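Work through these exercises with the structure in view. Each task comes with a worked solution.

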Amino acid sequence: MAATRTADPAVATVPHPRTHPGDSPRAGRWTRQWPLLPLIATVLLLTLPVTDAGTGDPQVTRPADLVSGLAVLLCLARLLHLRRRPLTPAAALVLGLPALGFAVATVTAADPSAALPGFVRYLQVFVLVPAAVCLLIRDAQGFRTVVCALVLLALVQGVTGIHQYATGTGASYMGEDIRAVGTFGPGDIMGMATVVAFGLLATAACVLRTPEGAPRWLRPCALGATTVLLVALVLSFSRGSWIATAIAALALITLTGPRQALRALAVLGATAVVLIGGFGIGSEMVSQRLTSITEVTADPDQSVTDRYTMWSAAASMWREHPAAGVGLKGFPAHRDGHASIALSAGSDTAGAGQDFRKQPLLSPHNMYLLVLSEQGLIGLTALAGSWLALLAGGVRRVVVSRARGDTAVDCGLVAVGLMVWQTVDFLYADIGGPSTVLTGIVLGLAAWWALAAPEKVRPT
């Protein structure tokens, strides 16, 4: 747009960026951010208590899943209305590549009709929702808005979990109803740990790199929220979440630079000593849980034995069907034919308002082995290749943005931290349960940071 010249030809004035005289900055922000409402609702609906009619089976038709589908439809409608090219070729390749493995595993399954629900679920979580998140977020402020919803969800679940531990109303753990599971219940003990870990990494990133122009109270509040979420994570007694969070936090600290990294490590160490050593928050049980990590071969408990047995069964399935696997949703049907007698009938769950129940073991609790057994090398290469591209692109953009002083580096730290956590946690867990939809949200945030055009990650 040409500048309006004044009487002095050497002086030019820049016109106001509003397109209409009646527009206001608040209206402009609302116009840019209202498409995020389905994403925010998807996250916040996970605060609702989980009910599964006593079956223990994961339900795809939960409110959060339905609203995530609405977000996908809204994204499609906006693209058709605005007539925009949906994604760059590189972004379309990275986000769409996993669909190839899903399709091949569905078509080659022994019963394609039985594999079709799995195809829809995988497409939703790993392709459609991430693409919708990537397209609906317009700028760094939109990214932060979705992350704020994630932190709010984590605080609700974390405070609920701490209350469960303090009052003895949590899930059963070592004979006591003290395990923090939030509103997810004992049927999804990883749900609260996953949500709390996401929020913890987001608040930690805010402490390490507070957005420019943010109010002064934001950093102290983020530090307090980080402490609360760290306590809740400890009380989840989830070894896999602890390991994934520690690795992701180290990645965040490393990306902030060596000087700030040393300060952050010192503060983190002091906080851990105060929480566990000083106040004794779950110190005895935490110690036992940490020790069990190193005893997985010498004297493993039944949960570790079950996990290793299912890992072996998944590898055996892949050896029989190396290219395309046994088909989506095929692991439960083939499990008994490949598992040893060391596998138990199921895991015991109780507490948090639920009676004692045997929960069947229907997956290997390792996302990579689940994909390998059900989708073969084709599916694993496509899915893991997509995640590796997102992670590498995100780290590269953080380094570049930090070097040139961009003010959206905090978004990059969150995106990389969440992506590192998810890829590490998939070594000990897989999809399933109501918190699964958050995997799509996290992949979408990582995709927006790694694949968005450079001007989209700079503040407007």
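**Exercise 1. Is Gln 375 buried or exposed, and at what relative accessible area?**

Solution. Gln 375 has a relative accessible area of 0%. Buried means under 20%, exposed over 50%, partly exposed in between (1.4 Å probe, protein chains only). So Gln 375 is buried. Then list its contacts (heavy atoms within 4.5 Å). Leaving aside neighbours within four places in sequence, they include Phe 102, Tyr 122 and Leu 328.

This is a predicted model, where local features need pLDDT of at least 70, side-chain atom pairs count only at pLDDT 80 or more, and totals for chains, interfaces and linings use all residues. Residues are numbered from 1 along each chain as its sequence is written, and side-chain values use heavy atoms, with hydrogens and water left out.

**Exercise 2. Find how many disulfides the structure holds, and explain the case of Cys 134.**

Solution. A disulfide is a pair of cysteine sulfur atoms within 2.5 Å. The structure holds zero. Take Cys 134: the closest cysteine sulfur, in Cys 75, is 8.9 Å away, too far for a bond. Now check burial. Cys 134 is buried at 7% relative accessible area. Cys 411 is buried too, at 1%.

**Exercise 3. Describe the span and the surroundings of helix H7 (residues 189-208).**

Solution. Count the residues of H7: 20. Finally, 17 of its 20 residues are buried, so H7 is largely enclosed by the rest of the structure.

Key: Helices (H or I, at least four residues) and strands (E, at least two) are DSSP runs, numbered from the N terminus. The expected span of a helix is 1.5 Å times one less than its number of residues.
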